[in-house]
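Here is a short briefing to read alongside the structure. Please keep the view open while you go through the points below.

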Amino acid sequence: SLEAAEEAFRSQYEEYKGKHVSSLSQERRLEIGLPILPSYSVDASCIGNPGLLEYRCVDNQTRREVFRQGPFENGTNNIGEFLAIVHALALFNKKDIRLPLYSDSVDAIGWVKDKKCKTRLARDERNAELFDLIERAETWLRNNDYANDILKWETEAWGEISADYGRK
């Protein structure tokens with residue numbers, strides 16, 4: 001993309017290469033293929049663990065942000081990834097959007113399939129709002145069907161997910 005090219009031009013080559021050039025073999029990249037387009041992706045960012053959490057959804061073709069939530073206090077990245085997936089599924093269900101949804105979190109994808117956020121984080125006064133959202137998300141998953149495939153974003157082959165916050 002133009003954005004990636006401009007970043008490469010501005011950066012030191014070794015720094016850019018470390019962030020964007022995959023160590024996967026060409027054969028493995030061909031096996032994985034490319035992301036399905038059109039599609040959407042979700043990601044979360046947590047500063048600290050637990051820490052200040054936010055999450056969002058992005059259109060993979062246009063890079064337009066569909067929604068952003070947070071910041072929430074005393075959360076974890078996995079909670080944010082879980083909530084982002086469920087938020088997207090509920091929104092897409094309401095708007096009859098049936099396109100694939102990517103996440104780079106194996107844990108969150110599993111939690112969604114199990115309809116249960118399996119965090120070990122304790123509820124406290126700072127993260128009470130997050131735990132209310134988790135309860136709502138679990139209830140939504142138990143009571144609704146969705147038409148979207150939830151797919152794993154292949155970071156090693158494709159680079160960072162479109163919804164990434166770039167805070168690594």
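Predicted model: local features only at pLDDT ≥ 70, side-chain atom pairs only at ≥ 80, totals over all residues.

L99 sits in the loop that runs between α4 (77-95) and β4 (101-103).

**Around L99**
- L99 has a relative accessible area of 28%, and because buried means under 20% and exposed over 50%, L99 counts as partly exposed.
- Setting aside neighbours within four places in sequence, L99 is in contact with P38, S39, Y40 and N148.
- From L99 to A147 the C-alpha to C-alpha separation is 8.0 Å, while 48 residues separate them in sequence.

**The protein as a whole**
- The protein has seven helices and five strands, in the order α-α-α-β-β-β-α-β-α-α-β-α along the sequence.
- Of the 168 residues in the protein, 42% are buried.
- Carbon and sulfur atoms account for 47% of an accessible surface of about 10000 Å².
- Of the contacts between residues at least 6 apart in sequence, 65% join residues at least 24 apart.

**Helix α5**
- In α5 (residues 106-114), the buried residues are A108, I109, W111 and V112.
- These residues lie on the same side of α5, because they cover an arc of only 160 degrees around the axis.
- The packing partners of the buried residues of α5 are α4, β4, α6 (128-143) and β5 (150-152).
- Exposed V106 and K113 are on the face of α5 turned away from its buried side.
- K115 follows α5 and has a positive phi, near 60 degrees.

Methods. Residues numbered from 1 in each chain as written. Heavy atoms only, no water. Helix = DSSP H or I, 4+ residues; strand = E, 2+ residues; numbered from the N terminus. Buried < 20%, exposed > 50% of the residue type's maximum accessible area, 1.4 Å probe, protein only. Contact = heavy atoms within 4.5 Å. Areas by Shrake-Rupley, 256 points an atom, 1.4 Å probe, with all protein chains shown as cover. Arc of directions from axis to C-beta.
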